[in-house]
Amino acid sequence: MTTILSIQHLSKHFGGLKVIEDITLDVSVGERVGLIGPNGAGKTTFFNMIAGDLNPTSGSISYFEQDITKVPNYKRTENGIVRTFQKNNLMFGLTVRENVLLVLQKMRNEHIQWWKKVTQRNYRALHEETETLLQEWNLEMYSDTKVQELSYGVQRQIEIVMAIAGKPKLLLLDEPTAGMSQVETDQIIALINKLPKEVTICMIEHDIDVLFGNMDRVIVLHSGKLIADGTPEAVRENEEVKEIYLGREEARYA
Amino acid sequence: MGKQWVKGSLLFFLMVAAPFFVSLYYVNIFTEILIFGIFAISLNILVGQTGLVSLGHAAFFGAGAYATGLAATHLSTNVFLTIVIGMLLAFLLAILIGFVSTKAHGFYFLMLTLACSQMVYSIIYQWTDVTGGSNGLSGIPAPSLFGDFILSNQVFIYYFTLVVFTIVIFAVNRLLQSPLGYVFIGIKENEDRMKSIGYNTSLYKNISFLIAGTLGGLAGSLYVFFNGFVAPTDVYWTVSGSVLIMVLVGGAGTLWGPVIGAAFIVVLETIISSYTESWMMIIGTAFILFTIFAPAGIAGLFSRLTRSIFKEKPHPVEKQYIEDAIKPMKRQSKING
Amino acid sequence: MDTLVLQLMNALSYGFLLFIITCGISLVFGILGVLNLAHGSLYLLGSYLGYSIVVKSGLPFWVALLIVPFVIAIIGLILEIILLRPTYKLGHLSQVLLTFGLAYIFHDLFAMIWGKNIMTVTPPAFLSHSVEIMGNMIPSYRLALIVVGIIIAAVLWYTQEKTKWGAVIRAGLSDKEMVGGLGVNIHLVFTLVFFFGSLLAGIGGVLGSPILGVAPGMEFNILILSLVVLVVGGLGSVSGTILASLLVGMVETFSRFYVPELSLIITFALMATVLIIRPQGLIGRRA
C-alpha cells in the first residue's frame, strides 16, 4: 500500500505550552482515518500543520514521500491536500455558486484570465461543472443565495462540498458534523462515503457512532500526544482511552 | 448586456458632442473628471475589489505625471511614448512598493503605503535638479499624436482623454467580473479561505497592486498633459486621501462608482469653489454623512433606487465590505491593543 | 562643533514636542482603536487659539497654556460623544474615515476664522532670550520646552506604569471587552481618553506655535509626523513613544542640518523600515 502521508516526530510548542508532542504515524492511500480526543488535545493544531496553515516547531511531514514541511499551504492544496474548517469559513458575502466557482476555476486553471467576464456564455464548461456539482450535492436551490443568509447546516454542507470540489487526494475534515442534527449528519456521512476509494480521508470527530462503521482506523490524541492508533474496535477497548473519556473510576467498571 | 451597450454608447456620444454645446470651462472640467475617474477606478481595484485599503496611491499618480512630463520635455512629445514611459515608471514603482506592502495587513499595510508614498513625495520634492523641487515641473510641451498632429488645445486633449477613458472602462469592466477579478474579491472576502483553496494570495495581491498602480500612473500621465504643470503637492498624501474619498463616496467595488466620486470631488473643487472658499468643508461633511448613512456610496444609493433597471449588478456593495476590509485591522489592533 | 549642541537642543525640544502630540493620537488609537486623523487639526486649533489669546488679546502666554488645552479637550469630548460614540458599530475603518472628514471640515473652519496667512507666536518675554550652555547660546524657550517635555513624559509614564488608571489603560490596550466585562464603564473610559488625547494636542499646539509657526495646512504635516512616531515607537507604551519621538526628532533635525536634500526621505525611510523589519515598533507589544 502506498504511503500518502508520513509524519515524523511532529511537535508544536507555543513558548512553554506543548500543544503537539512527538507524533509519528503513516497514512496509506485510501485509508479512512478518524481522529478523536478530548477538547484541547491538539487535533485542529495537528490538522493545521498537515494543511500547512501552521508551522511545526520540529519534525517533518512527507506527502507521497516528498518532504512538504516547508511548503506553503496553498501549494499543498494545489497538490491535493484539501481541508475544511471547524468553524464555517466561507466567502460569506458571495453566493454559493460564486464560492464554488472560485474553487473550480482554480482547478481548471482559468483563474488568471482577466479579459472575459465569468458568464455562462464565456465559460460554459466551468459553469456546467458548477451546476453539476451543486445538483449532485442538492445545493442547487441555494445557488444564487449569499452564504451568510443560509442556515448553519447548509453552510456546513457547502464547506464540505467546496473541499470535495477541489478534487482532494488527502481530505482533512475538521469536525464536519459539528452542530448538526442526526438527519444532517447522515447526509454528510453519505456525502463522504460517496467519494472515490482512492481519496484518503482524515476526519476529526466527536461523534463515536460516526466513526464506527465509517472509518477503518482511529487515532486518539490526548494533551498533544498520540495515545492510541488502531481499528475502531481496538481503540474502544484500549484502557488508556477509556480512562481519558470515562475517568479512572468508571474505566474500571466499563 | 444589450442595455449596457446602449447606455454606454449614448453616454459616449453625449461626451463627444459636449464641446459643441458647452464652453471650454466645462470641457476642461469634463477632462479633469475623466482623468480622476481613471485614478479612482485604479484605486478601486485595490480597495474596493481586493480589499486593500491604501493611503499611498498618490505615489503612482506622481510617478506617471513626472515621468511623462520629463519625457515630453527632454525626450519626445509623442503622446504614446511619453504615456508609456509614465506608466512604466508607475509599474516599476508598484512592483517595489507592492512587494513590500502586501506582506502587511490592515493598519500596517495602510501605514506602509503611506510611508512609501511619502518617500516618493520626498524624493520628488528634494530632487530639485530633475523635478524642479517645490517649484514643480512646468513648460511641458503639448503632446503630439502622429508625427505632426499636436494636441495643442484643450478640446483635443479632451477627446484624447475620452478615448483613453473609454478603453480603460472597457478593460476594467471585464477585469472586475473576470475569473481574476473574482480572485480579488475572494481575497477581500476571506483571504485565508482562498489560500486553503489553493490560491497564492500574495501573488494576486501583488498583481492587483500592479494593475492599480499602473493605471494610477496613466491618470498621472494624462493629468500632466491636461494641466501642463505638475508639482509635489500633487503627490502629497492628502491626494491619496482625496482619491480614497472619491472611491468611497462614489461607491467602492463598482465600476462607475469611483467615476461618480471623482465627478463629485472635481465639481466641488472647481465649480463650487467659485461660489465659496469652503469646498473642503463640504467634502468633509459629505464624506462623514456617506460613511455613516450610505457606506455603499452614491452608486449604492442609485442601485437601491433603480434595482429593476440595472439588471447587471456585478458586486453588491454593503457595509460588509467595510467590515471585512478592517477585520485584519481589528485583529491586529486586538493583538497590539 | 558649537552648532552641534544647538542642534541637539533643537532636536530634543522638537522631539519632546512630537512626544506630547503623538501621545494623544497614540492613546486614542490604542484604546478606542480609532486613528484620529483630525489630531493634527486639534493641534493646529490649539495653536490658533493660543495665537488669538496671546497676539490678538495680548494676554500672557501662560494664560493660553492654561486655557487652550482645556478648550481643545472639551471640543474633543464633544466630538467623541456626538460623532464617535454613536458610530462604534460601524467599525474602526469607518471611524478613521469620519475623522478624516472632520479634518477637512476643520481646515476650512480655520481659514474662515483666522484667514490663510502664516502667523507667528512669540514666546513669553521671560523666555525670549538665550542661555549659555557649554559655550553655546541656546534659546531658553527650547530649554523650557525640554523641561516641560520631561515633566509630562515622567508624569505620563508614572501614571501608566504605577497607578490604577494606568492599569485600566494598559488592560484596555490588551483586551477591551474583558475590561468592559470587569465592570469598568468602557464608554466613559473612551470619552475620557479622547478628552485627554485632545488635551495633549492642545498643549502641543500652544507650546509648539513659537517653534513651528501657525499656518494653514500644517495640520497634515503634523499628523503624518505623529504617524511616523507612532509606527516607530509602537503602540501601548509611553516609553516607546518617548523613545521614538526623540529618535525622530534627532533624525529630522540632524538630517535637515547635515543632508538637507535627504532629510525628508530619511524620515519616511525610517518609518517604512520599521514597518518592514519590526512592525510592532521599537517597544510595542505584539502577540
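Residues are numbered from 1 along each chain as its sequence is written, while chains are lettered from A and ligands numbered from 1 in the order in which they are written. Because the model is predicted, local features need pLDDT of at least 70 and side-chain atom pairs count only at pLDDT 80 or more, whereas totals for chains, interfaces and linings use all residues.

In chain A, 4 strands form an open sheet in the order β2-β1-β4-β5, with antiparallel pairing; here helices (H or I, at least four residues) and strands (E, at least two) are DSSP runs numbered from the N terminus, and two strands pair if DSSP finds at least two bridges between them. Strands β2 (17-28) and β5 (66-67) of chain A stand at the edges with a single partner strand each, so one side of each is left without a neighbour in the sheet. Strand β1 (residues 3-14) of chain A runs antiparallel to β2(A) and is joined to it by 8 bridges, and H13(A) is found opposite K18(A) in β2(A).

Strand β6 (residues 81-83) of chain A pairs with β7(A) in the parallel sense over 3 bridges, and R83(A) stands opposite L172(A). Strand β8 (residues 200-204) of chain A also pairs with β7(A) in the parallel sense, over 5 bridges, and I201(A) in β8(A) is the bridge partner of L171(A). From β7(A) the chain crosses through helix α6 (residues 182-193) of chain A to β8(A) in a right-handed β-α-β crossover, that is, one whose path from the first strand over the helix to the second runs clockwise with the strands pointing away from the viewer.

Two helices in the other chains were compared with their expected span, taken as 1.5 Å times one less than the number of residues. Helix α4 (residues 92-114) of chain C, with 23 residues, should span 33 Å, which agrees with the 32 Å between its end C-alpha atoms. Helix α3 (residues 58-74) of chain B reaches 24 Å from its first C-alpha to its last, close to the 24 Å expected for its 17 residues, and 15 of the 17 are buried.

Chain B touches both other chains, residues being in contact if their C-beta atoms, placed from the backbone, lie within 7 Å. The contact with chain C takes 41 residues from chain B and 44 residues from chain C. On the side of chain B that touches chain C, the largest share, 12 residues, comes from α5(B), and the classes are 26 nonpolar, 12 polar and 3 charged residues, where Ala, Val, Leu, Ile, Met, Phe, Trp, Tyr, Cys and Pro count as nonpolar, Asp, Glu, Lys and Arg as charged, and the others, Gly among them, as polar. The contact with chain A takes 21 residues from chain B and 27 residues from chain A. Here α8(B) gives the largest share of the chain B side, 13 residues, and that side divides into 7 nonpolar, 9 polar and 5 charged residues.

Definitions and conventions
Contact = placed C-beta atoms within 7 Å. Buried ≥ 20, exposed ≤ 12 C-beta atoms within 10 Å, placed from the backbone.
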